[in-house]
Amino acid sequence: MPSPEPIVLTWEEWKASRAAKRELLAKLGLAVPSRRKSAIGSQEKRLRKAFGERRVPVFTCP
């Protein structure tokens, strides 16, 4: 199975996605996103698989 294409975001795209998430949380009455306490969970594995063994995407600079 070929490896998936890497996910690439610009800094502006990342900031816009975070702002949209915070806006949605505010509408739902939640102050901050909930986070798991465990660093080695399914989320960790999913992020590393999605971003080539990194937990975050590589940002491209203009």
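User: Where does leucine 30 lie in the chain?
Analyst: This is a predicted model, where local features need pLDDT of at least 70, side-chain atom pairs count only at pLDDT 80 or more, and totals for chains, interfaces and linings use all residues. Residues are numbered from 1 along each chain as its sequence is written, and side-chain values use heavy atoms, with hydrogens and water left out. Helices here are DSSP runs of H or I with at least four residues, and strands are E runs of at least two, numbered from the N terminus. Leucine 30 sits in the loop between helix H1 (11–27) and helix H2 (42–50).

User: Is leucine 30 buried, partly exposed or exposed?
Analyst: Buried means under 20% relative accessible area, exposed means over 50%, and partly exposed is in between (1.4 Å probe, protein chains only). Leucine 30 comes out at 44% relative accessibility, so the label is partly exposed.

User: In which order do helices and strands follow along the sequence?
Analyst: The chain has two helices and two strands. Read along the sequence, the pattern is β-α-α-β.

User: Which side chain meets glutamate 23 in a salt bridge?
Analyst: A salt bridge needs a side-chain nitrogen of Lys or Arg within 4 Å of a carboxyl oxygen of Asp or Glu. The N to O distance is 3.7 Å, and the partner is lysine 27.

User: What is the relative accessibility of lysine 27?
Analyst: Glutamate 23 is partly exposed, with a relative accessible area of 48%. Lysine 27 counts as exposed, at a relative accessibility of 65%.
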